[in-house]
Amino acid sequence: MERHDSGGPRGGLALTLRWLFSAVVILHALMVLAQPFLAGGSLDGHAVPLLAHAAVGGTLILVSMVLVVLGVLAWMPGGGSAWAPVMALGLVTLEIAQVALGHLHLLSIHVPLGVVITLLAAGLCLVALRRPRPHSRRTRTTLPARRDVDPVSHPLARPVPTGGPHG
């Protein structure tokens, strides 16, 4: 198994931050996936699933606020994706609107917005669970020389100046 940390003294911290962010993202996604089932349970005439739906909805806002903070920490010192905190902030905004729409019984907007939130939560899972790319600042001048190309006989080789006044 490969080890993916940033190599420095904060490598363990970066890995821990990314792991913690991923764990909370998965928790959030599971809560989002439970919501339609809880709401559907109320269609059978039971009040408890609807109360649970409301409670999970309010808790989702708090969890997504935590995701914003963890997303920033997983991104900046953790080396994760910069999209993570942006997507988490989008979830906070949409979930606040979702709870308000639910309280106002505007189901024609509440239900489709729930689909959007589910898709965004799934996208955030993909971002969170993706391996971080190593940050490379290699430029053309720092690339290693190719060993399989002869610099003298290669067709794109430039003539080497001899140091004389004309050449």
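Which residues lie nearest the centre of the largest pocket? In this predicted model, they are Q35, A39, H53, Q98 and H110. The lining of the largest pocket comprises 24 residues. The volume of this pocket is about 740 Å³.

Several helices contribute to the lining. At least two lining residues come from each of α1 (11-41), α2 (48-75), α3 (83-103) and α4. Helix α4 gives the largest share, with 7 residues. By class, 12 of the lining residues are nonpolar and 11 are polar. The lining also has 1 charged residue.

H28 belongs to helix α1. The relative accessible area of H28 is 1%. H28 therefore counts as buried, since the cut-off is under 20%. Beyond its neighbours within four places in sequence, H28 contacts L60, V63, S64, L67, L91, E95 and A121.

V127 sits in helix α4, which spans residues 107-129. The relative accessible area of V127 is 14%. V127 is therefore also classed as buried, again because this value is under 20%. With residues up to four places away in sequence set aside, V127 touches S81, A84 and M87. V127 and G80 are 47 residues apart along the chain. Their C-alpha atoms are separated by 8.6 Å.

Technical notes
Residues numbered from 1 in each chain as written. Predicted model: local features only at pLDDT ≥ 70, side-chain atom pairs only at ≥ 80, totals over all residues. Heavy atoms only, no water. Helix = DSSP H or I, 4+ residues; strand = E, 2+ residues; numbered from the N terminus. Buried < 20%, exposed > 50% of the residue type's maximum accessible area, 1.4 Å probe, protein only. Contact = heavy atoms within 4.5 Å. 1 Å grid on protein atoms, 1.4 Å probe; cavity = no way out; pocket = protein on both sides within 12 Å on 5 of 7 lines; lining within 4 Å. Points joined across faces, edges and corners; volume = space filled by probe spheres on them. Nonpolar A, V, L, I, M, F, W, Y, C, P; charged D, E, K, R; others polar.
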